[in-house]
Amino acid sequence: MWRKYLALSKAAWALIVEYRAQIVIWMMNSILMVIMLLVWLSISREGAVNGYTAADFVAYFMLGWFVRNLTAVWASWELDFAIREGRLSPMLLRPIHPIHNEIAVNWVEKLLRILIVAPIITVVLIATPGVQLNLSPLNLLAFVISVAGAWLIAFMSDYLIGMLAFWTTQTGAFIQGFYGIRLVLSGVIAPLAMFPQAVQDVLRWLPFPYMLNFSVSIAMGRVQGEAMLLGFITQWAWAAFFVIAVWVAWKIAIRNYSAVGA
Amino acid sequence: MGSLRAFVARKYRTVKAVDDVSFDIEAGEMVGFLGPNGAGKTTTLKVLSGLLYPTSGTATVLGFTPHKREPAYLKQFTLVMGQKQQLLWDLPAIETFLINQAIYEIPRDQYAATLKELDQLLDLGPLLKKQVRKLSLGERMKCELAAALLHRPKVLFLDEPTIGLDVTMQVRIRDFIAEYNRRHGATVILTSHYMADVTALCDRIIVIDKGKVLYDGNFRALIERVAPYKILKLQFEQPVACEQLAAFGDIASCDGMTAVLHVPRSQAAEAAARLLTQVEVDDVNFEDPPVEDIIREVFAGRVAGLGTAHEQTPAVNPAGAG
């Protein structure tokens, strides 16, 4: 399997180099977090907000920017196009599930994003006085695992939504809607600690916080011990849910697939 | 108003794309699928390649049930669609080839050998390094075929492989398919609008229309049945009496200076010889009736007692998608 991934990744890299301008523009998209940082910095000028100082906001949004780049997905658009234009047919004829190509492309693109974003983030975090992070090896490991979980939830939920194209021609609206919800509830606009407690208590059980807020909170040392454990259980339960959902939905979808326009 | 109604209350109706199509194809055979647009040719190929689930009936190819899409099956056939491509648009074709090598788990030396052979047959050479989007349609089709054959499939489903190509390129692709079949004993099922593709490649044809098989059998036999005559085109030095020509065959047209006769195949040579001795002929020309006309006759249902002339046991038997 790794050979297949290697081949897919090589082609993906070649494509990314081909589309480099486009990738940079997409990255601008994720710059929303930098803008939100500026907003929250101006709010926190008077003092800490819900336990977040200016330095905490810098840490939150910089780490958030990092995680957001690592969990950026667009497989739903690709899938939607492929299904509607019948390009899925040739993909289905190959002895490999089309999802593997999307995964390979996604990972390779991550590499490019990190190469560009990581240095900026590192500089900002070091240059800002008062930034507090928990970078113990164990905590770093927890951060990495949480990002992996975040990616899995983000990718699989996105793929699941893209699969709606098997049934409806208007998947775009669903994708946009889901992106919007994700933007607010995963913590892109504001750290979830800014939300009323009642909202936070509900969110805890939803997949959204585990796509961004959870990982950032771990790196900032704000989730520990039992809370972290519970967080991981919830995160990976959602990840498993989406993996299984994609698997099951695919089985059903492929039966309905009428191989349009070929 | 109508469009508003369509917005709130859509009507769906079930259309049978393929209905009771049964046939059996031997390994190594080349079979042509003929039929007008929407006849069910592509649908049948999609069922055979596992893209469609038949709502009823069964299909078996190489002992596999296509719609289960087992990797072992997927590795043994290929579907080339003239209007769909698998090549990555923005990269050179060789990149897609390398992906296919990995995905189909083609051993390195076999890959090299196959690529060399395909290069020989199709003259791929410089094309492989050019971005696919910069290739002409014909060049792209050559690369598309090569990409589809790298894993040396035993069964080829070719759906309009020559669509949009000029005559030279059509002949090129056709020759290639024939050669591939000869070398590897691959089974080929071909659909095409271009009658020449089918006449050049296939001994056997299956004519389908509106999802039903109108004819299945030997191509020559069909021609002889539907058009058991040759067309004799004559040009005279001096005006002749048309009645005089009736002795040589059925007069299809005659204006005194030129005439077209339908002569039974078995008597064609003898009739021509007789004619040349008895009439002052300026030019004489024998032709087979155009295949298009023959097929049109079949479509029009004017050919009696056709059915499925082919002797069969229903092993490959895709039927009914609703």
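Predicted model: local features only at pLDDT ≥ 70, side-chain atom pairs only at ≥ 80, totals over all residues.
Colleague: What makes the radius of gyration of chain A agree with a compact globule?

Modeller: Chain A has 262 residues, and a compact globule of that length would have a radius of gyration near 18 Å. Chain A has 19 Å, which agrees. Its C-alpha atoms fill a box of roughly 60 × 40 × 35 Å along the principal axes. Buried residues make up 39% of the chain.

Colleague: Which secondary structure does chain A have?

Modeller: Chain A has 12 helices and 0 strands. Among its contacts between residues at least 6 apart in sequence, 81% join residues at least 24 apart.

Colleague: Why are the buried residues of helix 3 of chain A said to lie on the same side?

Modeller: In helix 3 of chain A, A:M33, A:M36, A:L37 and A:W40 are buried. They cover an arc of only 110° around the axis, which puts them on the same side of the helix. The general rule is that an α-helix has 3.6 residues a turn, so residues three or four places apart point the same way. The face turned away from the buried side carries the exposed residues A:I35, A:L38 and A:S42. The cover over the buried residues includes helix 4 (54–70) of chain A.

Colleague: How does the span of helix 3 of chain A compare with the expected one?

Modeller: Helix 3 covers residues 32–43, which is 12 residues.

Colleague: What makes helix 6 of chain B largely enclosed?

Modeller: 10 of its 13 residues are buried, so helix 6 of chain B is largely enclosed by the rest of the structure. Among the buried ones are B:R140, B:K142 and B:E144. The buried residues pack against strand 2 (77–81), helix 4 (93–103), helix 5 (108–122) and helix 7 (167–184) of chain B. Helix 6 spans residues 137–149 and reaches 18 Å, close to the 18 Å expected.

Colleague: Why is B:E160 called buried, and why is B:L62 called partly exposed?

Modeller: A residue is buried if 20 or more other C-beta atoms lie within 10 Å of its own, and exposed if 12 or fewer do. B:E160 has 20 C-beta neighbours inside 10 Å, so B:E160 counts as buried. B:L62 has 15, so B:L62 counts as partly exposed.

Colleague: What is the phi of B:L62, and what is the phi of B:E160?

Modeller: Most residues other than glycine have a negative phi. B:L62 is not a glycine, yet its phi is positive, about 55°. B:E160 also has a positive phi, near 50°, and is a residue other than glycine. B:L62 sits in the loop between helix 2 (41–49) and helix 3 (71–74) of chain B. B:E160 sits in the loop between strand 3 (155–159) and helix 7 of chain B.

Colleague: Which helix of chain A gives the most to the side that touches chain B?

Modeller: The contact takes 21 residues from chain A and 22 residues from chain B. Helix 1 (2–18) and helix 6 (88–92) of chain A each supply at least two residues of the chain A side. Helix 1 gives the most, with 8 residues. By class, the chain A side has 12 nonpolar, 3 polar and 6 charged residues.

Colleague: Where do the domains of chain B lie?

Modeller: The domain assignment gives domain 1 (11–223) and domain 2 (228–287) of chain B. Their centres, taken over C-alpha atoms, are separated by 43 Å.

Conventions. Residues numbered from 1 in each chain as written. Chains lettered and ligands numbered in written order. Helix = DSSP H or I, 4+ residues; strand = E, 2+ residues; numbered from the N terminus. Rg over C-alpha atoms; globule rule 2.2 N^0.38 Å. Contact = placed C-beta atoms within 7 Å. Nonpolar A, V, L, I, M, F, W, Y, C, P; charged D, E, K, R; others polar. Expected span 1.5 Å × (residues − 1). Arc of directions from axis to C-beta. Domains from an automatic or database assignment.
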